[in-house]
Amino acid sequence: MWSLLFILCIALSCGIRAEVVIRVSGYEKADIYMSCPYDKDYKSNKKYLCRNNCGNGDVLITTTDKKSDKYSAYDDKKERVFRAKISDLSSKDAGSYWCGVTKTGIDHYPARVELKVVPDSCCDQSTNFQSHETGSVSISCEYDSKYQNNLKYFCRGAQPSTCLQQALIMSNSSRDTRQFTLTDDQASRIFTVTITRLTLKDAGRYLCGIHKNANLDVFSAIELEVEVFQTTSFTSTIVVETVRSQTDPSEPRTDASLLSPLVLISIVVAVLMPPILISALIIVYKCKCDRAQVDLAGDGVNRSRNTVNTADAEEVILEQIYENSDNGVYPKQKTSKELSTCHQFDVISGDQQDSVYENVAVTDNLYCNQIEVIAMRARDESNV
């Protein structure tokens with residue numbers, strides 16, 4: 001009886017003994033693939049993936065089952081490889097799995113798979129780089145000598161699971177990315193990524209990645225800071241520091257002879273530019289004022305000439321009227337053109353009209369009224 005149980009235990013232990021052990025690692029919430037090779041004698045047999053003791057309740061999926069949200073399986077008979085996929089990994093999925101092949105008697109287990117699940121984040125430490133807008137930055141990524149021939153790549157973010165798929169540049173890439181370039185110095189075991197035409201949006205976390213054919217890739221974290229570019233910050237800093245050293249006796253004074261030519265030029269420009277600009281504006285303003293005064297003087301002379309000519313014409317007309325009235329001859333009715341002298345104030349506008357009224361005042365009004373009375377008498381006598 002005991003001999004029979006001993007033989008049965010040996011048979012069962014031999015049944016779950018795997019030919020090879022495969023170790024794989026995956027990130028939380030990511031997917032993992034397991035590949036289990038098998039002998040050609042089992043090409044037509046059904047395959048499955050199981051856990052624990054691989055009893056009936058421990059089988060997760062078979063090649064004849066439809067895939068689920070969590071598990072799927074595929075038998076590549078040409079390569080004689082059984083492939084299984086586990087989706088949306090969590091810490092509970094870590095542990096041992098077996099790739100099984102059904103056959104008469106005790107099933108065959110070509111491989112045991114040890115799965116490790118790690119958080120999808122990187123890394124505890126990061127290297128900081130700084131630059132400014134419109135500038136460039138060169139980021140150095142060190143790696144171990146055993147990865148000299150491995151694929152190098154560079155991505156943005158802190159998720160290793162998607163870094164390779166979302167890589168900004170790779171060492172085997174022949175396409176021109178314009179903003180990103182990657183050079184690999186295998187002798188120094190450093191690959192360098194250069195980013196040009198920086199903007200504030202380029203600031204943040206990046207990952208330097210080394211691709212491994214098995215298990216997880218190797219990463220190092222980069223933190224990039226992009227500052228706002230200010231063209232006047234250099235000159236302002238120089239002036240402030242110079243004044244501070246001259247006014248604060250507690251600080252050591254800087255000899256002007258020790259300043260570089262660039263510093264001296266910056267100070268001269270910062271001090272002299274405001275007076276020069278103010279002087280130029282004053283000169284332009286004075287030129288405009290002088291020109292306006294010349295124009296106003298010319299208009300005043302013209303108005304004075306017109307006023308004198310009008311007064312002379314009025315005196316001549318008045319003398320003629322008095323002479324004719326003394327001789328008993330009254331003038332004929334004046335035409336609108338001849339009488340326009342009396343009403344010339346109606347066609348003068350603005351400031352000219354005000355100045356003319358101030359000069360002639362009451363005298364011109366009496367004169368115009370007298371002319372109108374004489375003209376009315378002449379019309380009455382002609383009608384009689």
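K47 and D75 form a salt bridge, with their closest N and O atoms 3.0 Å apart; the term means a side-chain nitrogen of Lys or Arg within 4 Å of a carboxyl oxygen of Asp or Glu. K47 belongs to strand β3 (residues 47-51) and D75 to strand β5 (residues 71-76), so the pair ties together parts that are 28 residues apart in sequence. Strands here are DSSP runs (E, at least two residues), numbered from the N terminus. Both K47 and D75 are buried, where buried means under 20% relative accessible area, exposed over 50% and partly exposed in between (1.4 Å probe, protein chains only).

A word on the background: this is a predicted model, in which local features need pLDDT of at least 70 and side-chain atom pairs count only at pLDDT 80 or more, while totals for chains, interfaces and linings use all residues. Residues are numbered from 1 along each chain as its sequence is written, and side-chain values use heavy atoms, leaving out hydrogens and water.

The structure holds seven salt bridges. Among them, D93 meets K70 at 2.7 Å, N to O. D93 is buried at 7% relative accessible area, whereas K70 is partly exposed at 22%.

Now turn to the open sheet of three strands, ordered β10-β14-β13 with antiparallel pairing; two strands pair if DSSP finds at least two bridges between them. β10 (137-142) and β13 (180-185) are the edges, each with a single partner strand, so one side of each is left without a neighbour in the sheet. β13 pairs with β14 (residues 190-195) over six bridges, and L182 stands opposite V193 in β14.

Terms used:
Helix = DSSP H or I, 4+ residues; strand = E, 2+ residues; numbered from the N terminus.
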